[in-house]
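Open the model in your viewer and keep the selection panel at hand. We will go from stop to stop, selecting as we go.

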Amino acid sequence: MIVNPVAGGGRAGRALPAVRAELNRLGLEHRVQATLSLEHARTLARDAIKAGEIAVAFGGDGLIGAVAGALRHTDGVLGVLPGGRGNDFARSLSIPVNPVSACAVLITGSTKRLDLGSVGGRTFIGIASCGFDSVANRIANETKLVRGNLVYAYGAMRALAGWRPASFTVTVDDDEPRTVTGYTVAVANSGLYGGGMRLAPEARLDDGRLDLVIISDFPRLRFLAVLPTVFMGKHVNRPEFQVVRVSRVRITASRPFTLYADGDPIAELPAEIEVLPAAVQTIVPAAGGGTAAVSKAAVSA
């Protein structure tokens, strides 16, 4: 088990004893190692492959994405125990967000190959976005005032106060570039981010494609009113939101932006993002259509 004990404001570290007790109760042989960084987590995941162990990531989506990237295009298997603030990857797979409850998936679940997104050689599991989202993510990561998934709503409110529209030039696959003015350009592997916001409600983790979401410019007060509808996925019916299914997309902007993915900075614009189909074997709930049962887990902390 690869654990980030400070994930979710220390949520993972506090839950670790109960998680270990549950793994023991389930009869899952395991060892625990705490991460020092995302790169350290990747090293631990590669070590798990060499040892013939399952690499279980216990932390936030950033940790899960790092471990998944280390396992891509190998026979290694990824297990997920949510311990972060948003836990959107677990939500996308219908894995319980309570990490003790999620332990059962490691033994009752099956393995399924899932897609990853990639930018500049770095992978992500959820959604990569820039523009307004760059500012909101930075604020959410820096704040100490708000805990849990409400931190993303707090970041959005703070970002909106000083936001001014930007121009984005987007090149989809081999099409001609097009320029739009607005808030955000996002590229979704899974449909959720920000603690349950359904930004790309039709995105699938196993379809070999990414969903490009473009949020065009409209008044800030209307943006504020529309924001709650993102949690239900109803925003996509509005004309300011465009969703296109792609394999590869290049994004540039009229001013500098950091591209964030799974809650962490992953690249600076300009950036080219592509899908890596069926890149990582992942333990999912049995109803998810997997192909092989799991009997042993190695957890890296």
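**Stop 1: a charged network**

Select Glu39, Arg42 and Arg46: salt bridges link them in a network. A salt bridge here is a side-chain nitrogen of Lys or Arg within 4 Å of a carboxyl oxygen of Asp or Glu. The structure holds 13 of them.

Before moving on, note that this is a predicted model, where local features need pLDDT of at least 70, side-chain atom pairs count only at pLDDT 80 or more, and totals for chains, interfaces and linings use all residues. Residues are numbered from 1 along each chain as its sequence is written, and side-chain values use heavy atoms, with hydrogens and water left out.

**Stop 2: Asp174 and Arg248**

Select Asp174 and Arg248. Their side chains meet in a salt bridge, 2.8 Å from N to O. Asp174 sits in the loop between strand E8 (166-172) and strand E9 (178-188), and Arg248 in strand E12 (residues 248-253), so the pair ties together parts 74 residues apart in sequence. Helices (H or I, at least four residues) and strands (E, at least two) are DSSP runs, numbered from the N terminus.

Arg248 is partly exposed, at 27%. The cut-offs: buried is under 20% relative accessible area, exposed is over 50%, and partly exposed is in between (1.4 Å probe, protein chains only).

**Stop 3: Asp211 and Arg245**

Now pick Asp211 and Arg245. This salt bridge spans 2.9 Å, N to O. The pair links distant parts of the chain: Asp211 is in strand E10 (residues 210-216) and Arg245 in strand E11 (residues 241-246), 34 residues apart. Asp211 is buried, at 2% relative accessibility. Arg245 is partly exposed, at 36%.

Next, select Arg204 and Glu202. They form a salt bridge too, with the closest N and O atoms 3.9 Å apart. Arg204 is partly exposed, at 40% relative accessibility.

**Stop 4: Lys112**

Go to Lys112 in strand E5 (residues 110-119). Lys112 is partly exposed, with a relative accessible area of 22%.

**Stop 5: helix H3**

Select helix H3 (61-71). How many of its 11 residues are buried? The count is 11 of 11. Among them are Asp61, Ile64, Val67 and Leu71. After H3 comes His73, whose phi is positive, near 55°.

**Stop 6: the cavity**

Stay with H3, which gives the most to the lining of the largest cavity: 4 residues. Helix H2 (38-50), strand E6 (122-124) and strand E14 (264-268) each supply at least two. To find the centre, select Leu38, Gly62, Arg122, Thr123 and Ala261, the closest to it of the 14 lining residues.

A cavity is a set of points on a 1 Å grid over the protein atoms alone where a 1.4 Å probe fits but cannot get out; lining residues have an atom within 4 Å of a point. The search of the whole structure finds 1 cavity of 30 Å³ or more. The largest cavity holds about 100 Å³ of space, a volume being the space filled by probe spheres set on the points, which are joined across faces, edges and corners.

Notes: On a 1 Å grid over the protein atoms alone, a cavity is a set of points where a 1.4 Å probe fits but cannot get out, and a pocket is an open set with protein on both sides within 12 Å along at least five of seven lines; lining residues have an atom within 4 Å of a point.
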